[in-house]
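Please look over the model shown here before reading on.

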Amino acid sequence: MELNLAEILAAIEAAIPDRECVVFRNRRLSWRPVGDRTRQVANLLAQHGLTGRDRGDAAGWESTQDHVALYLHNGNEYLESMIGSFRARCAPVNINYRYRSGELRYVLNDSRSRAIVYHASFGATLAEVVDDLPELELIICVDDGSGVEPIAGALRYEEALAAADPLASIGRLSPDDLYVCYTGGTTGMPKGVLWRQADFLVAALGVRRRDGSDHASLDELVDLARGGSLRALPAPPLMHGAAHWNAISAWISGGTVIIQSQTERFDPADIWSTIDRESATSLLIVGDAFARPLLDEWDRAAATGTPYSAVTLRHVLSGGAILTPTSKQALLNRLPGITIVDVLGSSESGRQGVSQLRSVSRDPVIENSAADHRFVPSETSRLVSEDRSRVLSITETDVGWLAQSGRVPLGYLGDRAKTESTFPVIDGERLAIAGDRARYDDQQITLLGRDSVTINTGGEKVFAEEVEVALSSHPAVFDVVVCGRPNDQWGEEIVAVVALRAGRVVGDAELRAHCRSTLADFKSPRVIVRVPVVQRSPSGKADYAWARTMSTSSASDS
């Protein structure tokens, strides 16, 4: 059955109107008020002429819908604006709120956004570029308590919603309506991935039966939602795909989305406090960048006699970055009985595999090498040969390209060449190849890393992520990013940009020896740069451009 996201949520709302839907600070909104607010957003957009049309024979890189940019911190307004856009047959566009004016200008023009919903504190940056956005017609300002007035011509969010009719009919929705996710990747300019909603729901959110088959009817989904009890806390910014995927998945299961109080920066104490206060049952993080500060805060609170309980927490999920075995073990030791779910996937592929660990005691359960990162592949996962000419069998151990078959995106917005390169037809299947390298290992997939950050040293390929995993398992290392820099003899040399734990001291020789205990000698970093803090994106992903800058401007051989 082909599904539309807004139609699913409307049917669930009708079935459980009084169940809690969103919790954010002092706001506790049940499904019916949230549904009303999304319909008000939809009608506000419709009143200003924003809508969509059927795809017809549109090419995969073409959008047939008006785009609504979401330039917001986390909050109920983000999710309301997202679903309200879908209800209006518009496509919401996620905007990285750390962009400077040039980056913001590029994405808003590249996406041809006709409307933008923004938090007041971002007004100064938006004002710098608004005159350079010929297609932008509607500006809506959300009060964030900053005291900053809306920019010229902007509507106030709450006033605009109050004036919009929550009961007016928008018209027919379609499974072909688009979901758009802008991804910066590790190199190049941000690009918009276009999905049919029907494909996105299955491939990215896993909206299917346990046996992998499609649901037979919308009623079947609604019946499942009636029994839902999930209380999900997506900790990363909602402008990051993994976070709003987690939130929407929770809603489709009939659950509640919980948003932490501190949304402008990552605050581990606030996360744990919110979990305890709101009885969260699942927590989404992004790799060690989130896990390690959370673990440190857990230990600090326990040591000072004010421990957190997290007694309701059942699942810790990680997506978008590696969660190392060291951090997995530490989480299991402190939270016995939880299940850790590592999700393998990308904006271009959806979910491609999972790795699950569960402990019922405080005994160690992880024995894999620190460099291992294995996933059980989904039925639609593929590995493609180095030259992209064929699909590898599960018995072959060559390093290949991780690919996804079946329901994959239509393409990249406005870019035919990248669409045809990333979504080729191989062995009769249209595949999505996002750029990750991997190999089969005992019928599982071992993820090696993104090709764009592969280091070529002395004729050998080294994946930055495997060196990061190895180094991060040293007890003195708090965070690390690995990159390559030019070397006259080797072509490139491996540089590790390392932040140590407070009060810890460790020499370069010891770090290299620790790395060589799990990896080949040539993968050990030739240069180690010490920094107070490793810079990452708000989503927790490594900032490799920053690391390369640090490697060339601050590195010194030991």
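The questions and answers below concern a predicted model.

Q: On which side or sides of helix 15 do its buried residues lie?
A: In helix 15, which spans residues 508-516, the buried residues are Asp-508, Leu-511, Arg-512 and Cys-515. Because these residues cover an arc of only 100° around the axis, they are placed on the same side of helix 15. In general, an α-helix has 3.6 residues a turn, so residues three or four places apart point the same way.

Q: Which elements do the buried residues of helix 15 pack against?
A: The residues in question are Asp-508, Leu-511, Arg-512 and Cys-515, each of them buried. Their packing partners are helix 14 (464-472), strand 26 (477-487) and strand 28 (527-530).

Q: Are helix 10 and helix 11 roughly parallel or roughly perpendicular to each other?
A: The axes of helix 10 (residues 268-278) and helix 11 (residues 287-303) come within 9 Å of each other and cross at roughly 70°. Angles of 65 to 115 degrees count as roughly perpendicular. The two helices, helix 10 and helix 11, are therefore roughly perpendicular.

Q: How many charged residues does the contact of helix 10 with helix 11 have?
A: On the side of helix 10, Pro-268, Ala-269, Ile-271 and Trp-272 take part, and they meet Pro-293, Leu-294, Glu-297 and Trp-298 in helix 11. Sorted by class, this contact of helix 10 with helix 11 has seven nonpolar residues, no polar residues and one charged residue.

Q: Which strands stand at the edges of the open sheet of five strands?
A: The strands of this open sheet follow the order 4-3-5-6-7, with parallel pairing. Each edge strand has a single partner strand, so one side of each is left without a neighbour in the sheet, and these edge strands are strand 4 (91-94) and strand 7 (155-156).

Q: Which residue in strand 5 does Leu-70 stand opposite?
A: Strand 3 (residues 67-71) and strand 5 (residues 113-119) run parallel and are joined by five bridges. The residue of strand 5 that stands opposite Leu-70 is Val-117.

Q: Does Arg-358 count as buried or exposed?
A: Arg-358 is found in strand 15, which covers residues 350-358, and, leaving aside residues up to four places away in sequence, Arg-358 touches Leu-332, Gly-337, Ile-338 and Thr-339. Its relative accessibility is 52%, so Arg-358 counts as exposed.

Q: How far apart in space are Gly-184 and Asn-96, C-alpha to C-alpha?
A: Gly-184 has its place in the loop between strand 8 (178-183) and strand 9 (191-196), and with a relative accessible area of 32% Gly-184 is partly exposed. Although Gly-184 and Asn-96 are 88 residues apart in sequence, their C-alpha to C-alpha distance in space is 9.0 Å.

Methods: Residues are numbered from 1 along each chain as its sequence is written. This is a predicted model: local features need pLDDT of at least 70, side-chain atom pairs count only at pLDDT 80 or more; totals for chains, interfaces and linings use all residues. Side-chain values use heavy atoms; hydrogens and water are left out. Buried means under 20% relative accessible area, exposed over 50%, partly exposed in between (1.4 Å probe, protein chains only). Helices (H or I, at least four residues) and strands (E, at least two) are DSSP runs, numbered from the N terminus. The arc is that of the directions from the helix axis to the C-beta atoms. Contact means heavy atoms within 4.5 Å. Axes are lines fitted to C-alpha atoms, for helices over the stretch in contact, and angles run from 0 to 180 degrees between N-to-C directions. Angles under 35 degrees count as roughly parallel, over 145 as roughly antiparallel, 65 to 115 as roughly perpendicular and the rest as oblique. Ala, Val, Leu, Ile, Met, Phe, Trp, Tyr, Cys and Pro count as nonpolar, Asp, Glu, Lys and Arg as charged, and the others, Gly among them, as polar. Two strands pair if DSSP finds at least two bridges between them.
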